Amino acid sequence: MTMIPMPAHPEMLGPANPPHAPGPSPPLPSPASPAAEIATRLLRRPTGLAGVLIITGFLLAAFAGPHLYPGDPFDVAGLPFSPPGEDLVLGTDYLGRDILAGLLHGARATLTVGAIAALITLVIGVAIGALAGYFGGALGTALMKITEFFQVLPTLLFAMVLVSLFGQTLTVVTLSIGIVSWPPVARLTRAEFLRIRGLDFVKAARAAGAGAPYLILRVILPNAAPPIIVAATLAVGTAILFEGGLSFLGLGDPNVMSWGLMIGQNRAYALDAWWTVALPGAAIFIAVLGVSLLGDAFNDAINPRLRRRT
Amino acid sequence: MSAPALLEVDGLFVHFEASRRPKPAVVHAVDGVSFRIPRGTTFGIVGESGSGKSTTAQAVMRLVPTTAGAIRLDGRNIIDLNGVALHEVRKSLQMIFQDPFSSLDPRRRAGNLIAEPIRLLEHRSKDETAARVDELLAAVGLQPSAASLFPHQFSGGQRQRLCIARALATAPALIVCDEAVSALDVAIQAQILNLLLRLQAERGLAYLFISHDLGVVQHMCDEIAVMYLGQIIEQAPNSAFFSRPHHPYTWSLMTAALPAGPLRQSLKKSYLATGEPPSPINPPNGCRFASRCPFVVTRCREEAPELVAIGTGHWVACHRHDEIDPPVFA
Amino acid sequence: MSSDPVLVLDDLSIALATISGEVPVVEHLSFSVAQGSTIALVGESGCGKSMTALAIMNLLPQGFRCSGGRILLESEDVVAATPSRRRALRGNRMSMIFQEPMTALNPVFTVGEQIAEALRAHQNLGRRAAAARALDMLRAVQIPAAENRIKAYPHQLSGGMRQRVMIAIALACRPKLLIADEPTTALDVTVQAQVFDLLARLQEEMSTAIILITHDLGAVADIADDVAVLYAGRCIEQGATRVVMEQPLHPYTAGLMVCVPHLQPGVMAARHRLLAEIPGMVPPLGQRPTICAFSDRCTRVGNDCLSEPQPPLFTLAPTQAVACLHPLQRETTA
């Protein structure tokens with residue numbers, strides 16, 4: 001038998017001020033916005049803080065690193081396969097290129113691919129999910145059939161086809177990752193829209209004169225945003241892995257240094273010179289871990305059941 | 001029936017499809033409902049869950065598509081209006097929902113919520129809107145500083161005040177109150193009911209008051225209709241309704257709502273309906289209350305009774321309304 | 001009803017841990033329930049009535065704890081019991097029904113399985129015996145066509161049926177004590193009356209003691225023998241239901257009685273008159289004063305109310321106690 005203790009009535013927990021109370025009324029609560037509250041809760045969690053720190057660190061490396069450690073990562077900087085700590089801090093790869101320079105410069109490409117691909121995922125997924133969820137009916141069914149079609153395609157294979165058809169450039173790689181990753185976001189958005197569409201405040205907004213665009217963009221979407229943002233955060237991690245995977249298979253952009261490219265080009269020597277593959281691999285691992293930690297912590301922070309009662 | 005009333009609902013049907021397979025199932029949420037609400041008066045609809053009272057309210061608000069019938073506001077049928085014309089109608093037609101915790105967008109501040117109908121329906125300057133928001137907050141008994149708070153920072157009663165302020169924003173002639181106090185604590189209910197009464201006196205508002213609570217309805221309404229499975233089964237002015245109700249279902253509702261005591265105990269045996277309402281999916285042909293009625297006869301199961309007038313403004317849909325004497329409730 | 005009380009609450013206090021220390025949720029609550037009798041805990045949301053119920057069941061949510069006093073179920077201290085002993089008490093000797101039966105029933109098991117589950121867990125019945133008892137229970141709660149309904153899933157039943165199933169589960173092991181937390185609030189009015197009748201009948205058969213939690217004093221007058229009115233976590237009036245309802249002594253109880261527009265058949269003058277309202281609202285948790293918490297809403301407030309701490313309950317009549325410095329007068333005539 002499930003006998004779950006009921007959560008305390010919200011009225012007990014929230015501060016409130018009686019409008020008619022005789023005598024001095026208690027001070028008004030500070031008008032903290034829900035967004036500010038979520039941010040506070042996020043940073044209070046160890047995982048959330050770790051995620052934020054990792055992501056900030058990588059962003060700093062990506063954007064300040066190349067200035068602090070200038071030089072072309074494709075230039076030969078020393079003997080091939082020199083181990084870390086001898087000539088260069090992190091050693092060189094099979095062509096004698098500086099691994100540290102590769103990591104710092106590659107961070108920019110890898111993180112950009114991750115962010116933009118996630119953005120594309122988000123835009124397509126939210127647009128299709130929102131329309132399907134809000135309008136439902138024949139349009140909703142049609143949109144979900146399209147989503148299912150994309151979902152049953154093997155994603156990596158599909159991305160490989162796109163890259164080999166349209167060329168091995170960073171733009172095509174990013175677009176391909178975005179195009180194959182949106183269906184889960186669409187399904188999530190649709191589910192959220194279906195749920196929120198039936199709530200009273202949406203009816204109240206309609207009664208107040210709101211039309212479909214206003215309802216979708218200004219009423220339902222802001223309320224559906226938290227889980228979608230979580231999904232988008234996780235999509236950044238997936239996209240980084242995807243880029244690594246494509247590059248490993250030799251389908252990355254050979255003219256732009258990225259972590260995936262480093263792994264892909266050095267993979268034949270992984271057993272002889274572990275650092276050529278392990279270091280960019282570790283960078284991907286930590287970046288994806290950071291994004292996942294952030295996403296999970298965010299998910300917890302927006303879940304009202306886990307909110308601390310204060 | 002003289003000049004057109006503020007709101008006239010005429011033969012309203014709201015059906016929707018519950019499923020197509022294995023066999024078609026149509027929910028008869030509202031099945032031929034007619035009533036009129038004169039300006040400045042309160043019309044109550046009483047019923048249990050599934051009676052169609054909330055669907056009727058939402059149909060009047062044009063929030064659910066109607067199958068047939070007419071809804072006239074000031075003599076003008078609003079059932080097919082769209083766009084700008086519907087916006088004009090919405091200004092004079094507003095609604096308060098049951099649950100003040102779910103009917104306010106949690107991500108907007110109170111001031112923004114109250115201003116929303118003004119922004120969407122009227123073209124006013126920012127200053128005018130802000131002044132109006134202050135005035136509305138005062139009208140419902142909230143401090144001006146409340147405008148910058150989020151809904152979760154208010155108590156249930158205060159939230160319902162916010163909802164009322166929002167409904168008043170475009171100076172409507174009719175406010176639909178769908179179980180507007182049933183989610184509130186009893187002490188707060190009285191405050192909100194009094195607020196509604198004061199606002200009605202000050203502004204000449206009409207209310208369509210949906211409730212399951214006969215005590216509240218007796219206190220608030222000029223005229224009352226009882227709905228059962230999508231149909232009005234009895235309708236009467238307040239005094240006639242509460243002194244001499246004629247439908248067995250009304251008797252059951254009144255018995256259940258009587259204050260505790262020997263009278264209620266004795267009436268319960270003969271007048272309290274047994275069981276629960278059947279599903280509004282594909283309802284039976286005869287009287288819809290037949291399956292629970294203590295006074296059912298064969299005719300009730302075969303033939304649906306029509307609403308017939310039995311007094312001034314008193315209508316009842318029961319084959320046996322002149323055979324059985326109503327119980328004495330007082 | 002002269003036997004030993006089934007449940008005794010002795011000076012129970014419940015507190016909630018917050019960042020800024022513990023805040024009291026329920027303070028110094030005492031009452032007892034005898035076999036076969038019913039006490040109603042009445043109050044607005046946030047008054048601590050549900051927390052009291054959960055404390056008795058040992059189901060307090062995280063952060064809440066019993067900070068003082070004792071809960072004795074047939075003379076056994078519930079708070080001090082070991083976790084396994086508590087589980088044995090729950091369901092077997094006391095059980096609880098909730099406001100919303102849909103969320104309290106498990107959607108993936110049939111109602112028969114859920115009743116049998118309770119029996120098998122607590123009474124060591126075999127599968128067959130438990131199934132038979134489950135059917136008996138469904139009949140006892142007057143579910144029509146019980147033989148078929150025993151195989152139904154919760155979503156296939158109406159709200160009233162689900163609450164009947166909840167009652168069947170709660171009473172399957174014939175507990176000494178049943179806690180009903182707003183058991184009919186989610187139900188239709190005619191069904192509410194049926195469920196209350198059912199509870200009263202089963203109580204008579206099994207001599208269960210019932211704690212009924214409600215916000216509507218009028219609704220429970222028929223079935224509650226005693227009533228305790230809670231305000232901001234403190235009991236402010238307690239006594240025999242009939243006495244308290246006919247002649248409330250605390251201004252808050254009196255206010256609760258008149259602010260509800262009760263049905264008055266045949267009376268026409270009531271319409272459109274303003275109701276007597278209690279202004280303001282309950283002080284939120286953590287902002288309760290040490291003086292009488294009702295003083296800022298009270299019409300009878302005196303200077304002593306604002307300077308002296310909340311008075312304890314004191315007996316004003318044989319079956320009525322009140323915690324107020326200026327109680328309403330008892331009419332001595334009659």
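## A buried threonine in a loop of chain C

In this predicted model, Thr184(C) sits in the loop between strand S7 and helix H8 (189-206) of chain C. Its relative accessible area is 6%, so Thr184(C) counts as buried; the cut-off for that class is under 20%. Leaving aside residues up to four places away in sequence, Thr184(C) is in contact with Gln192(C), Val195(C) and Phe196(C).

## Positive phi angles in chain C

Asp11(C) is not a glycine, yet its phi is positive, at about 55°. This residue belongs to strand S1 (residues 5-18) of chain C. With a relative accessibility of 34%, Asp11(C) is classed as partly exposed.

Arg174(C) also has a positive phi, near 50°, and is a residue other than glycine. Arg174(C) is found in the loop between helix H7 (159-171) and strand S7 (177-181) of chain C. Its relative accessible area is 52%, and Arg174(C) is therefore exposed, the cut-off being over 50%.

## An enclosed strand and its partners

Strand S10 (residues 234-240) of chain C has seven of its seven residues buried, so the rest of the structure largely encloses it. Strand S9 (residues 226-231) of chain C runs antiparallel to S10(C), and six bridges join the two. Within this pairing, Val227(C) has Gly239(C) as its bridge partner in S10(C). S9(C) and S10(C) make a hairpin with two residues between them, and Ala232(C) in the turn has a positive phi of about 50°.

S10(C) also pairs with strand S12 (residues 320-322) of chain C, in the antiparallel sense and over three bridges. Here Gly239(C) has Gln320(C) as its bridge partner in S12(C). In general, strands of a sheet pair through backbone hydrogen bonds, either parallel or antiparallel.

## The open sheet of chain B

Chain B has an open sheet of eight strands with mixed pairing, in the order S6-S7-S8-S3-S9-S10-S12-S11. Strand S6 (93-96) and strand S11 (308-311) of chain B are at the edges and have a single partner strand each, so one side of each has no neighbour in the sheet. On average, neighbouring strands of this sheet are turned by 20° against each other, direction ignored.

Gly311(B) stands opposite His314(B) in S12(B). Helix H5 (residues 156-168) of chain B packs on the sheet, where it touches S6 and strand S7 (174-178) of chain B; the direction of H5(B) makes about 175° with that of S6(B).

## A covered helix

How many residues of helix H3 (residues 110-121) of chain B are buried? The count is 10 of 12, and the helix is thus mostly covered. Among the buried residues are Leu113(B), Ile114(B), Pro117(B), Ile118(B) and Leu121(B).

The cover over the buried residues of H3(B) comes from two chains. Chain A contributes helix H8 (200-207) and helix H9 (212-248), while the elements from chain B include helix H2 (83-91), S6, helix H4 (126-139) and H5.

## Salt bridges

Over all chains, a search of the whole structure finds 31 salt bridges. One of them joins the side chains of Arg72(B) and Asp10(B), at 3.2 Å from N to O. Arg72(B) lies in strand S4 (residues 68-73) of chain B and Asp10(B) in strand S1 (residues 7-19) of chain B, so the pair ties together parts 62 residues apart in sequence. Arg72(B) is partly exposed, with a relative accessible area of 23%, and Asp10(B) is partly exposed too, at 39%. Both residues belong to a network of salt bridges that also links Glu8(B) and Arg36(B).

Another salt bridge is between the side chains of Lys268(B) and Asp197(C), at 2.7 Å from N to O. Lys268(B) is in helix H10 (residues 262-271) of chain B and Asp197(C) is in helix H8 of chain C, so this pair joins two chains. Lys268(B) is buried at 9% relative accessibility, whereas Asp197(C) is partly exposed at 32%.

## A nonpolar patch on chain A

On the surface, Leu43(A), Leu49(A) and Leu53(A) form a nonpolar patch with about 280 Å² of accessible area together. Leu53(A) is in helix H3 (residues 46-68) of chain A, and at 56% relative accessibility Leu53(A) is exposed.

Terms used
Residues numbered from 1 in each chain as written. Chains lettered and ligands numbered in written order. Predicted model: local features only at pLDDT ≥ 70, side-chain atom pairs only at ≥ 80, totals over all residues. Heavy atoms only, no water. Pairing = 2+ DSSP bridges. Helix = DSSP H or I, 4+ residues; strand = E, 2+ residues; numbered from the N terminus. Axes fitted to C-alpha atoms, helices over the stretch in contact; angles between N-to-C directions. Contact = heavy atoms within 4.5 Å. Buried < 20%, exposed > 50% of the residue type's maximum accessible area, 1.4 Å probe, protein only. Patch = residues over 30% accessible without salt bridge, like charges linked within 9 Å, V, L, I, M, F, W, Y side chains within 5 Å. Areas by Shrake-Rupley, 256 points an atom, 1.4 Å probe, with all protein chains shown as cover. Salt bridge = Lys/Arg side-chain N within 4 Å of Asp/Glu carboxyl O.
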